[in-house]
Amino acid sequence: MEYGFLSILPPLLAIVLAIATRQVIISLFIAVWLGASFLHANPITGFFRSVDTYMLESAADPWYAAILIFTMIIAGTLGLVTKAGGAQAVADALTKKVKNARGGMIAAWLMGMIIFFDDYSSCIIAGNTARPITDAVKVSREKLSYIIDSTAAPIATVALISTWIGFELGVIGEGYAAIGMENVPVYLIFLQSIPYRFYSIFAIALVLILAITMKDFGPMYNAEVRARTTGKLLRDGAEPLSATDTAVLQPEEGTPMRWYNFVIPVLVIIIATFVGLYVNGGGGEVGIMEAFGNADSSVVLLWSSSLGALVTVIMVLIQRIVPLQKAIDTLIDGAKSVFPALIILVLAWSLSYVSGELGAADYLVSVVEKTGLGIAVMPLLIFIISCFMAFAMGTSWGTMGIVIPLAVPVAFALGGEQFIIPTMAAVLTGAIFGDHCSPLSDTTILSSTGAGSDHIDHVRTQIPYALTGAVVAGVFGFIPAGLGVHPLISIVLGVIVLIIFVRLVGRSTADADSIAASQKK
């Protein structure tokens with residue numbers, strides 16, 4: 001059965017309700033229920049299928065289950081690291097070098113860039129590491145979550161080695177197979193597509209521009225004014241997803257503040273992830289790039305996070321910082337802190353499941369195919385539809401997997417082989433838009449969690465920046481790409497446009513005096 005426009009109503013309803021009511025969990029469940037009711041033609045049956053089919057099967061899926069467990073283990077480990085004084089020691093050391101909000105934001109940006117190999121790890125690790133630093137220099141939690149989000153999926157999708165590579169290589173190969181080209185150098189094509197990932201590149205650049213200029217616009221400006229002038233890092237009544245900064249996880253009086261109690265566990269997780277990707281992907285029998293592409297990232301993340309937790313427990317026991325039972329209790333308390341995020345993740349996956357059953361993606365793609373417009377605007381149109389689809393569904397991988405096999409034949413038929421890469425890159429980076437700013441996206445949720453921000457506040461303040469990056473990517477990236485302009489020219493031009501836009505539209509948030517002067521203008 002074809003549902004047509006009805007197929008996109010559940011994700012649209014979820015987005016509208018979540019933004020209007022600030023009740024993400026309820027909004028998501030209502031959307032899942034609506035979709036299930038469409039599928040089963042009965043709201044009562046739809047209610048029960050929402051729980052025993054869509055939610056249950058989403059949580060039971062091995063890949064999703066691994067992500068849930070990984071998130072809890074990472075949160076528990078970071079909770080114990082915090083309890084042991086390691087996080088505070090690192091924050092104190094970095095805070096001595098970070099003298100102002102500009103330095104704090106740049107430090108958070110660098111942390112996100114360094115943890116490039118996995119977006120989930122970046123959200124959790126970089127967020128928790130940077131939070132004490134940005135808190136000390138009065139950077140709002142909304143701004144921190146935006147920084148973390150902009151250096152999670154956007155950098156992971158263009159990194160030469162990451163947990164995204166396997167999936168991206170797979171969909172690229174599937175796209176070429178759709179036009180009968182099965183023995184293509186997929187990794188080389190992946191590399192060639194990187195300069196065309198305009199949204200990902202501009203999203204990363206915009207964060208740095210905002211930090212250096214100390215200017216903001218839209219709702220983020222108000223959040224930064226509040227933080228800078230009143231010291232309130234969260235708005236009154238905000239409900240941050242993370243609870244890792246609550247008293248139960250803070251170091252007890254007399255706890256030694258040793259930096260290595262944080263650095264060593266984090267390094268263990270990072271190194272174990274790289275080694276795990278190599279081993280799990282068949283390292284030794286194949287090259288390192290192919291091994292990383294073949295690896296099951298969900299399994300590897302379980303390995304690395306579990307090893308990190310074990311090393312942390314051993315370290316605190318050897319130093320006699322806390323007894324064994326206290327260490328276990330702290331791990332559990334840390335895991336509890338992300339429970340609201342886990343519920344949202346399961347519901348977001350359930351909504352994606354329902355949307356897939358309704359044929360939402362096929363409906364959206366069919367709209368593009370029926371436009372009949374020329375090849376010159378094809379990259380732009382594919383980018384726009386990928387942005388909308390990923391935003392509505394909250395899944396970048398789902399968008400990539402569905403659109404690329406359809407977009408590649410269209411691009412090849414209309415413009416030949418030379419138009420495949422920019423059109424395909426439009427899907428790959430357009431999908432990141434949704435992963436970056438949709439309230440239903442797992443990385444958006446985890447960015448709120450890692451930064452300790454109210455989730456809807458994070459989404460509301462981030463969307464104007466995401467839209468800015470998307471507009472610049474479309475106008476100065478994909479329109480020229482459709483006309484055959486070299487992507488490096490578009491990148492340079494786009495960054496210049498972003499700098500000019502921020503300087504003209506943005507208002508200073510450097511300090512209380514500059515804010516007062518800006519408000520008088």
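1. The model is a predicted one, in which local features need pLDDT of at least 70 and side-chain atom pairs count only at pLDDT 80 or more, whereas totals for chains, interfaces and linings use all residues. Residues are numbered from 1 along each chain as its sequence is written, and side-chain values use heavy atoms, with hydrogens and water left out.

2. A search of the whole structure returns 15 aromatic pairs, where rings of Phe, Tyr and Trp (its six-membered ring) pair if their centres lie within 6.5 Å, and planes under 30 degrees apart count as stacked, over 60 as edge-to-face and the rest as tilted. The pair F198 and F202 is stacked, because the ring centres are 6.3 Å apart and the planes stand at 25°. Both residues belong to helix 12 (residues 198-213) and are four residues apart, about one turn of the helix; helices here are DSSP runs (H or I, at least four residues), numbered from the N terminus.

3. F198 is buried at a relative accessible area of 0%, and F202 is likewise buried at 0%, given that buried means under 20% relative accessible area, exposed over 50% and partly exposed in between (1.4 Å probe, protein chains only). Ring pairs also join F198 and F202 with Y196, F383 and F478 in a cluster.

4. T53, in helix 3 (residues 43-60), is buried with a relative accessible area of 18%. Its side chain makes a polar contact with the side chain of D52 at 2.9 Å, the term denoting a pair of N or O atoms within 3.5 Å, where within protein one must be able to donate a hydrogen and the other to accept it, and residues adjacent in sequence count only if both atoms are side-chain atoms.

5. The count of disulfides, defined as pairs of cysteine sulfur atoms within 2.5 Å, comes to zero. C387 is in no disulfide, the nearest cysteine sulfur being that of C437, 8.0 Å away, which is too far for a bond. C387 is buried at 7% relative accessible area, and C437 is buried at 1%.

Conventions:
Helices (H or I, at least four residues) and strands (E, at least two) are DSSP runs, numbered from the N terminus.
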